[in-house]
Amino acid sequence: MERPAPPWGALLSQCRWWERYRSINHRVDASSLRMYRWYYSRICQWGLGLTIAMVLLLAFVERPSSLSISSDPWLRSPPWEPPCGLTESIEMVCLIIFSFDLASICLNHCHILFRPQSYLIVISFSIIDWVLSVSMVCDEKLRIRRLLRPFFLLQNSSLMKKTLKCIKRTLPEIASVILLLALHLCLFTMIGMLLFAKTEDPKKNEEWRLHFRTMPDSLTSLLVLLTTANNPDVMIPAYSLNRAYSIFFVAFSVIGTYCLMNLLTAIIYNQFRGYLLMSVQTSIIRRRLGIRAAFQVLTCKGAQQAEAQQYADVGYMDREQFRKIFDELDKDRIKEHPPLPQYNSPVLQRLQVVFSHYYLTILGNAVALANVMCICTILVLNSEKSIAERDNYIMEIINLCFILYYMFEMCVKIFAFGWRGYLSYRNNIFDGFLTILLLVLQITIYVTYRLPYSHWNPSSHGVMSLWEMVRLVNMLIVFRFLRIIPDIKLMALVASTLLDLLKNLRAFAGILVVVYYVYAVFGIWLFEGAIKPPPEISVLSNTTMENITSNFSMECGTYEQLGYWPNNFDDFAAAIILLYDVMIVNNWQAFMDAYSRYTTEWAKIYFVSWWLTSSVMWVNLFVALILENFIYKWDRSHSCSVTDVEKIRYESSVQLIFKEQIQEPTEEELLCQLHQHPHLDLH
């Protein structure tokens, strides 16, 4: 049955709190709705996000502090340690805010949507641990509440919770492949120990001595080979004796690295995509339910108003029209460019046609490419010269000519499109900002060092030397060359995919932050101060790194020989960088070997678990999301021009990517759920 359409202001004010795919199962009285709107207001959510960021960033300041220039134990100066009570006061303020957050949510819908037990336990335990810290004058060995801080980040994002559920659901399939990997690893380990057993000839024992001496050494060598980090080093001693030994290592890598590891990627992609589709389906049902409830409430009010006021001419809107309105509101606004300015003079009109043509942009790209090529040529010619030997005269003249052309291009585009039209294009904003910045730097160079002449004196006349200023100009020119990206279809498609990753993958970045945070805290607890420079080297603090390295010899490829001293667990920032290096898996065996030698063999479990979590789980999940996003854009871009690629970016939210696979709920399903609402009376 169609109902009279209420005024638009009332419609939007009644429905706007359901437009973010949230559940409608909350109290709907006036005071509760005011609190609900206040809680989900931009200022409140930004404040809560700032509080979460603040409590997470405390790890960089707390003991052991990361506030030093270098993490190298040879070069590191004593970091600034905050006085007792400073970080604790900030943390207590954050905990109070989290307590208010818990109370605000519970007042509206904790009985259905939100289970406060975990939130309450984390806050309570954090306060108890905080009291113990203050009572011990901040001299406690462990701050257990550090491990609990990432919970606040997870709690504030529903998509992060869905991602965790997705990972949990994928674990059985992943575990089956990992079990197969373990079987593959154990099988080849035993075969390797049989192939490379110790012989009577010492010359033939190099492979045994380096990689297959014991069962743990054999497992570690082949596990690292699975990541290709020690290839071909691990097989060189055996391969030098007999080329047939390469079959063992090639077979291991083909089966493990190229088959089983890629199969793991496929499983994660398939399982995640299926679960994300289910999650999006649930979100769509929530949205349709909210819109249907709004329509039901507003039609009742509209009918009452129509009967009371006796409208003579009343407009009507059915459910489908009402839903389509919100479908349109759900789309990002596509920015339209203002009309071109009008000129009366025929000459100006002809010039406007010329300067607004696409060929001018192509010419500008060609000129930018020529500028970059000139810089590359000069850099190659001066690569062996010191700063004092370089003559910046030619480079300055070349840069001046190109910058003048950039100014000319910017001015004629402003003439052709007008100020508003010029600024309506994002690439023009990027291009114009860098052009003005280059002009300011060029003027600063001439004011400081006068007009260019051969053999300019590169000595510093101010904050920056001439070479530093010229180098900055060249960097900006190279960076400006990125303006070609929107004009090449495939590059524009890839760039828009990367931009969408920043918009749609915040939840996954949050999961990565949580994992990094937890492992960094555990790493500091387990390995802080475990690796120290040898005493006879520590006293040589004024010696250069090259001299220090040459004064002692260690086995090739080890932590000490490679000079990995800055990579340690002595503070939170250093721990984050070390975990990143292990995630990349390049030479990660050096870190695992060093910490197992300086502490215990059980340290390998920490590094292997981090490799499985970060490099195997999260990186594959990230690859799956990139594939899904890019395939969606690629399929839609075949019939599009370069200018249409930007429009696709407005339709690449998670909900719209899976639009074709989503099943719309039926009217009966919506009404059934509406009648189950605990606070909404539709009669």
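Side chains of opposite charge can pair when their charged atoms come close. The model is a predicted one, in which local features need pLDDT of at least 70 and side-chain atom pairs count only at pLDDT 80 or more, while totals for chains, interfaces and linings use all residues. Residues are numbered from 1 along each chain as its sequence is written, and side-chain values use heavy atoms, with hydrogens and water left out.

Select Glu 62 and Arg 149, whose closest N and O atoms are 2.7 Å apart in a salt bridge. Glu 62 lies in the loop between α3 (42-57) and α4, and Arg 149 in the loop between α6 (145-148) and α7 (150-155), so this pair ties together parts that are 87 residues apart in sequence. Helices here are DSSP runs of H or I with at least four residues, numbered from the N terminus. Glu 62 is buried at a relative accessible area of 1%, and Arg 149 is likewise buried at 1%, where buried means under 20% relative accessible area, exposed means over 50%, and partly exposed lies in between (1.4 Å probe, protein chains only).

Next, select Arg 145 and Glu 91, a salt bridge with its closest N and O atoms 2.7 Å apart. Arg 145 belongs to helix α6 and Glu 91 to helix α4, so that distant parts of the chain, 54 residues apart, are linked. Arg 145 is buried, with a relative accessible area of 0%, and Glu 91 is buried too, at 2%.

Now move to helix α16 (residues 393-423), where Lys 413 and Glu 409 are four residues apart and therefore separated by about one helical turn. Their side chains meet in a salt bridge at 3.5 Å, N to O. Lys 413 counts as buried at 6% relative accessibility, and Glu 409 counts as buried at 0%.

To finish, select Met 54, Leu 67, Trp 80, Leu 86 and Ile 90, which make a nonpolar surface patch of about 430 Å². Patches are made of residues with over 30% relative accessible area and no salt bridge, with like charges joined within 9 Å and nonpolar side chains (Val, Leu, Ile, Met, Phe, Trp, Tyr) within 5 Å; accessible areas come from the Shrake-Rupley method with a 1.4 Å probe, and for residues only the protein chains shown count as cover.

Key
Salt bridge = Lys/Arg side-chain N within 4 Å of Asp/Glu carboxyl O. Helix = DSSP H or I, 4+ residues; strand = E, 2+ residues; numbered from the N terminus.
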